[in-house]
Amino acid sequence: MKLSFTTLGCPDWELDRIIHSAAEYGFDAVDFRGLAGEMNLYKLPAFSGGVSRTREQIRGAGLAVSCFSSSVHIVSKDNFERNLAEIREYAKLCSFFDTRYIRVFGGSIGDLSRDEAVRTAVRHLEEMAAVAKEYGVKLLLETHDDWTACADVLTVMKQVDPEAVGVLWDLHHPYRMLGERPEETWAALGPWIHYTHVKDSYKKPEGGFQYCLLGEGDVPLKSMHTLLQERGYDGYYTLEWEKKWHPELAEPDIAFPQYVQFMRSLN
């Protein structure tokens, strides 16, 4: 089992601490979603002029970069050129770090009909994927926001290049937001699933849900893991501890090692 975490979980940590702690806790990789307050990683010295040193630090710790998590929303027409430029910057980093994946969001469809949103998403993905493919990189559309339902994601996947576009299955969102059974998600999207996000939560009495440490909620993570293993999934299990967006969550020096212990116990 290959374990990673997104840097959303440690928004106040500097790069040196991220690398040291990842190795200490038993992770195999890091998924970069911002660093030191900057979400566009390629703007930072450590991932521009100092990128060679950063690569050696990560490799020297026995780690890899499992994914670069972009802020791109593929359905956005107004931001398309900016999103395309962002994909190119992350594709360059992927090539340098031997990283296969860039995460993208579908984004809010707003006033668009679902059919028009799908057409827009497919058209934009085709252009973004062409850039990614130049660098041997695959874009991963996350089951998130207005693209959480497997049926909606499947409609897009059937129309794009499978060599350049795949799916990031956020194990939490389809189950929690829509009540979608994991078996249903896999049956629809299995051929495209290359990466997973892992988190747990429980329903609050007053409505909504609360994120929590793994095993303290009611997301069926054990059966999800069994399903993935039985279907031959060999990608990363990446903790998405959303500390940046939910500062009330436990500190990363508690959540990160607990995650490793929980996940390793599943084998």
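Two strands count as paired if DSSP finds at least two bridges between them; helices (H or I, at least four residues) and strands (E, at least two) are DSSP runs, numbered from the N terminus. Everything below comes from a predicted model, where local features need pLDDT of at least 70 and side-chain atom pairs count only at pLDDT 80 or more, while totals for chains, interfaces and linings use all residues. Residues are numbered from 1 along each chain as its sequence is written, and side-chain values use heavy atoms, with hydrogens and water left out.

**View 1. The hairpin of strand 8 and strand 9.** Strand 8 (residues 200-203) and strand 9 (residues 209-212) run antiparallel and are joined by four bridges. Look for Tyr 202, which sits opposite Gln 210 of strand 9. Five residues lie between the strands, and in this hairpin Gly 207 has a positive phi near 110°.

**View 2. Val 219, in the loop between strand 9 and helix 8.** This one is tucked away: Val 219 has a relative accessible area of 6%, so it counts as buried (buried is under 20% relative accessible area, exposed over 50%, partly exposed in between, with a 1.4 Å probe and protein chains only). Setting aside neighbours within four places in sequence, Val 219 is in contact with Leu 171, His 172, Tyr 175, Arg 176, Lys 199, Asp 200, Ser 201 and Met 224 (contact means heavy atoms within 4.5 Å). Tyr 233 is 14 residues away along the chain, and its C-alpha atom is 19 Å from that of Val 219.

**View 3. The largest cavity and its lining.** The structure holds one cavity of 30 Å³ or more, with about 30 Å³ of space in it. Here a cavity is a set of points, on a 1 Å grid over the protein atoms alone, where a 1.4 Å probe fits but cannot get out; lining residues have an atom within 4 Å of a point. The volume is the space filled by probe spheres set on the points, which are joined across faces, edges and corners. Around the cavity you'll find Leu 171, Val 198, Leu 221, Met 224, His 225, Tyr 237, Met 263 and Leu 266. Helix 8 (residues 221-230) gives the most to this lining, with three residues.

**View 4. The largest nonpolar core, around Val 156.** A nonpolar core is a set of buried Ala, Val, Leu, Ile, Met, Phe, Trp, Tyr and Cys residues joined through side-chain atoms within 4.5 Å. The largest has 86 residues, and Phe 68, Val 156 and Phe 256 have the most contacts inside it. Helix 4 (residues 114-134) supplies the largest share, nine residues. Beyond four places in sequence, Val 156 touches Val 118, Ala 121, Val 122, Leu 125, Leu 141 and Trp 147. A second, separate core has seven residues, including Cys 67, Leu 140, Leu 168 and Tyr 195.

**View 5. Met 157 in helix 5.** Met 157 belongs to helix 5 (residues 150-157) and is buried, at 2% relative accessibility. Leaving out residues up to four places away in sequence, Met 157 touches Leu 141, Val 165, Gly 166, Val 167 and Trp 192. Pro 191 is 34 residues off along the chain, with 9.8 Å between its C-alpha atom and that of Met 157.

**View 6. Positive phi at Ala 36 and Asp 145.** Most residues other than glycine have a negative phi. Ala 36 has a positive phi near 55°, in the loop between strand 2 (29-32) and helix 2 (51-60). Asp 145, with phi near 45°, sits in the loop between strand 5 (138-142) and helix 5. Ala 36 is partly exposed at 46% relative accessibility, and Asp 145 is partly exposed at 28%.

Key:
1 Å grid on protein atoms, 1.4 Å probe; cavity = no way out; pocket = protein on both sides within 12 Å on 5 of 7 lines; lining within 4 Å.
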